[in-house]
Amino acid sequence: MNFEIFELERNQSLFENEVDYNLSESGVHPLKLSEILTQDEQDELLNTNLFYGYTNGTPALRQRVADIYGPNISIENVLITSGSAEANFLAVMTQLEAGDEIVYMVPNYLQIGHLARSFGIKVINLPIRQDLGWQWDLDELKVLVTPKTKMICVCNPNNPTGALMSDEVMVGVIEIAKEANCWILSDEVYRGAELDGNECRSFAGATDKTIVNAGLSKAYSLPGLRLGWSVGSVDYINRAWSFHDFTVINVAYLSDWVASRILEYDRRKKILNRTKDHLKYNLNMLCDWAENVPALTITRPQAAAITFAKLNIPMSSEEFVFTLRDKYSVLLTAGKWHGMEGFVRFGYGTPADYVKSGLDRIKTFLDTF
Ligand SMILES: Cc1ncc(COP(=O)(O)O)c(C=O)c1O
């Protein structure tokens, strides 16, 4: 099989551990187990038998996830997956086939776009527009969604812009999807990392054909658990679960164990507050830095540890990222890898002094222009 290279992940996989300053990461600096579990829980963890567990996730964890989405979502609507990456994979594998057509939000993480095209699915990119505050123009969406459309794919909060979809656009997307009787796939892995501390509206339960994917890697600062989930109708969840038998069978028992404890209401809120405070502090620092950097325009994101900076110099995003990487040992991600040229993404979720040192290096590079 010929498959497209997932440029964003490939470049990160190859270089994120090689550079002095990795500012390509989109999540918040990871937590330690000792910071999130009580001493009793840590002792219990060490004495836990390592079962396979429940292949769809333990009832305790599925209940915790369901609670995040409110009274209309129950544990039958939840499947625990190996990261939201697996949840996205399952959505593509179970609902789409060669020849289908999807409308896809760009810029984006591009996992779904690359994967879908690799399987012979026609991917119609619809850019969110910076002049609209990184929103979709609903008139453009209406034109692209036709009886052929199988799925509308969004990423909210958006990676790489950190923008939140407005209520008006969200309502419009739901109406358009209902009219076309197509699926909505909403990747919400950055939900919970809003800079104002208010979790944005989720698409969960919007229609019978809505899939919401999320996980603990970003807002919860726990990428090493590799824990994600899918929320959807009981039919969808059962279908995705039966495909999950072919992928990882189930999430590591230890990850399920930890997740079911830290998603308990108070602890979850405590982690999200830490995320918000950390991001606010670092974003102010980044914006102050950017004031004296005419080569880039940085706009304040509404969520997530990322901002999509416009390049005001005649250089492609890849050339910029490769030069910075090779000469200054700092890694950013290129707009091209997110489906939009002319920008580079900064990740500012690592510790403040680390971000600051990385920015100093970038400034040295930019001073050469
Ligand atoms: C939008 C989006 N979805 C999914 C993922 C995969 O995340 P994970 O599998 O760690 O939950 C990422 C990772 O950066 C992402 O940015």
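Domain bounds here come from an automatic or database domain assignment. This is a predicted model, where local features need pLDDT of at least 70, side-chain atom pairs count only at pLDDT 80 or more, and totals for chains, interfaces and linings use all residues. Residues are numbered from 1 along each chain as its sequence is written, and side-chain values use heavy atoms, leaving out hydrogens and water.

View 1. The assignment gives domain 1 (7–32 + 267–366) and domain 2 (50–265). Their centres, taken over C-alpha atoms, are separated by 24 Å. In the contact (heavy atoms within 4.5 Å), 38 residues come from domain 1 and 39 residues from domain 2.

**View 2. The area buried between the domains.** Buried area is the accessible area (1.4 Å probe) that two parts lose on being put together, summed over both. Between domain 1 and domain 2 about 3,100 Å² is buried, with 57% of this from carbon and sulfur atoms. Look for Arg-267, Arg-268 and Gln-302: they supply 23% of the area that domain 1 buries against domain 2, more than any other three residues.

**View 3. A salt bridge to look for.** Between domain 1 and domain 2 the count is 4 salt bridges (a side-chain nitrogen of Lys or Arg within 4 Å of a carboxyl oxygen of Asp or Glu). Elsewhere in your search, find the side chains of Glu-25 and Lys-218, which form a salt bridge at 3.8 Å, N to O.

**View 4. Helix 11 on the domain 1 side.** Helices (H or I, at least four residues) and strands (E, at least two) are DSSP runs, numbered from the N terminus. Helix 1 (7–15), helix 11 (265–290), strand 10 (306–311) and strand 13 (343–347) each supply at least two residues of the side of domain 1 that touches domain 2. Helix 11 gives the most, with 11 residues.
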